[in-house]
Amino acid sequence: MVWSRTFQYFFFKSYPGLRTIGVITKLDLMDEGTDAREILENKLLPLRRGYIGVVNRSQKDIDGRKDIRAALAAERKFFLSHPAYRHMADRMGTPHLQKTLNQQLTNHIRDTLPGLRSKLQSQLLSLEKEVEEYKNFRPDDPTRKTKALLQMVQQFGVDFEKRIEGSGNQVDTVELSGGARINRIFHERFPFELVKIVFDEKELRREISHAIKNVHGVRTGLFTPDLAFEAMVKKQILNLKAPSLKCVDLVASELHTLVGKCVAKLGSYPRLREETERIVSTYIREREGKTKDQILLLIDIELSYINTNHEDFIGFAKYVNFLQMSGLNPTLHSTLSEQVIRKGWLTLNISIMKGGSKEYWFVLTAESLSWYKDEEEKEKKYMLPLDNLKLRDVEKGFMSSKHVFGIFNTEQRNVYKDLRQIELACESQEDVDSWKASFLRAGVYPEKDQVS
């Protein structure tokens, strides 16, 4: 069937398929030899309520101020005289459409009115009961004051829990807060602080050599003494103390921020708000101190006994076994290298002379950083190997609101085209820290002067 360009479909929908009426307009403008009979007979695209055809006034009729009655008469004559529509003329036209829609509205009101009436009656009874309670209201009643106080305190506890668990009714779409920020501290900020514990390999080798010689004394040793091994390992374990305590400080700070947001609803009661904030903040500080004591105790436990039989300890035999397994299983390296660590949008800052800044879809794996035109990842713009790459903080421009960090090659090679460094921009500093943590997982570390 050949359709005219002026042939249009309009659907009046309230509930999908239940009260849908198809309306076909401009039937008089269809090409000669074509008609919409199969549609109007509800055969081609069946609808529960069927279709109604209408013939509206043309723009010429409107400009000529053609009378509505004359237009309806012309519409009626069209359906009665058309060979494809004359058998259904009684079900076509604007008057029949008006009648059908009115009937639909009447049926809908009849069906929904009883439920609405029942709901209103229920609300009325509830309000009348509440009015009866307020008739005997006494402002100085201590039981009512106690009940109101308990309700507000309980609501504070519920709000605080929801902000941490993430089950609140109002979801913040602007920035991370509450439990999401704490989650980021544990999974991104804390690993980042651990990786920042950078040591000088030459200095470490020198310390190991001195430790071995001092343990042997005047003797010339054949094997590496356990005392030297323990001395060096304990020194590295002690380095875990600072980032662990800093993680506790960050979580405690976020909890104090949450308390301040939750007590804001008690603004009408300044003394209650102040006391609630004081009690909860004091409790958080107490738990903060006990948490730090537990961390220090755990570090002391690790220092007191080094379990070389633990499955995570890589001794010489286990290291050789790992190398053998890697040699026998050539797909191991390729599987690890293809692991996707992170995906997301970043702005690649390039000078205007070289194309200007542009946003790309970046994919970070264990071996490379690739960027694409869009999220479909069909058109790859570039793939950058991660070998010998480092991260560097970059000050954001005077006219830019985005936060920037840089990637450069430690061997002074070009990173991208003729650029020794590429700059990637994010909307917030939190996004920058999150991407840095992802790069750390891929083995790309910050440069030493910034870490120190």
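Reader: What should I know before I start?

Author: This is a predicted model, where local features need pLDDT of at least 70, side-chain atom pairs count only at pLDDT 80 or more, and totals for chains, interfaces and linings use all residues. Residues are numbered from 1 along each chain as its sequence is written, and side-chain values use heavy atoms, with hydrogens and water left out.

Reader: How many helices and strands does the chain have?

Author: Helices (H or I, at least four residues) and strands (E, at least two) are DSSP runs, numbered from the N terminus. The chain has 14 helices and eleven strands.

Reader: What share of the residues is buried?

Author: Buried means under 20% relative accessible area, exposed means over 50%, and partly exposed is in between (1.4 Å probe, protein chains only). Of the 452 residues in the chain, 28% are buried.

Reader: What share of the contacts joins residues 24 or more positions apart?

Author: Contact means heavy atoms within 4.5 Å. Take the contacts with a separation of 6 or more: residues 24 or more positions apart account for 55% of them.

Reader: How do I read a pair of packed helices?

Author: Two packed helices are described by the angle between their axes and the distance between the axes. Axes are lines fitted to C-alpha atoms, for helices over the stretch in contact, and angles run from 0 to 180 degrees between N-to-C directions. Take helix H9 (residues 241-262) and helix H10 (residues 270-304). Their axes are 10 Å apart, at an angle of about 165°.

Reader: Which way do H9 and H10 run relative to each other?

Author: Angles under 35 degrees count as roughly parallel, over 145 as roughly antiparallel, 65 to 115 as roughly perpendicular and the rest as oblique. H9 and H10 are therefore roughly antiparallel to each other. Next, handedness: a crossing is left-handed if the near helix is turned anticlockwise from the far one by less than a right angle, and right-handed if clockwise. The crossing of H9 and H10 is right-handed.

Reader: Which residues make the contact of H9 and H10?

Author: From H9, they include Leu245, Val248, Ala252 and Val259. From H10, they include Val280, Ile284, Glu288 and Ile295. For classes, Ala, Val, Leu, Ile, Met, Phe, Trp, Tyr, Cys and Pro count as nonpolar, Asp, Glu, Lys and Arg as charged, and the others, Gly among them, as polar. The contact of H9 with H10 has ten nonpolar, five polar and six charged residues.

Reader: What other helix packs on H9?

Author: Helix H6 (residues 179-195) does. The axes of H6 and H9 come within 10 Å and cross at roughly 155°. H6 and H9 are therefore roughly antiparallel, and their crossing is right-handed. On the H6 side, Ile185, Phe186 and Phe190 are among the residues in contact. On the H9 side, Cys247, Leu250 and Val251 are among them. By class, the contact of H6 with H9 has ten nonpolar, one polar and five charged residues.

Reader: What does Ser244 touch?

Author: Ser244 is in H9. Leaving out residues up to four places away in sequence, Ser244 touches Phe190 and Ile295. Ser244 is buried, with a relative accessible area of 14%.

Reader: How do I check the length of a helix?

Author: The expected span is 1.5 Å times one less than the number of residues. For the 35 residues of H10 that gives 51 Å, and the end C-alpha atoms are 51 Å apart, which agrees. The 13 residues of H13 should span 18 Å, and the end C-alpha atoms are 19 Å apart, which also agrees.

Reader: Is Lys436 buried or exposed?

Author: Lys436 lies in helix H13 (residues 429-441). Lys436 is buried, at 8% relative accessible area. Other buried residues of H13 include Trp435 and Phe439. Beyond four places in sequence, Lys436 touches Phe192, Leu391, Asp393 and Phe405. Lys436 and Phe192 are 244 residues apart along the chain, yet their C-alpha atoms are separated by 7.7 Å.

Reader: Which residues other than glycine have a positive phi?

Author: Asn42 is one of them, with phi near 65°. Asn42 sits in the loop between helix H1 (37-40) and strand E3 (51-53), and is partly exposed at 24%. Gln412 is another, with phi of about 60°. Gln412 is in the loop between strand E9 (403-409) and strand E10 (421-426), and counts as exposed at 54%.
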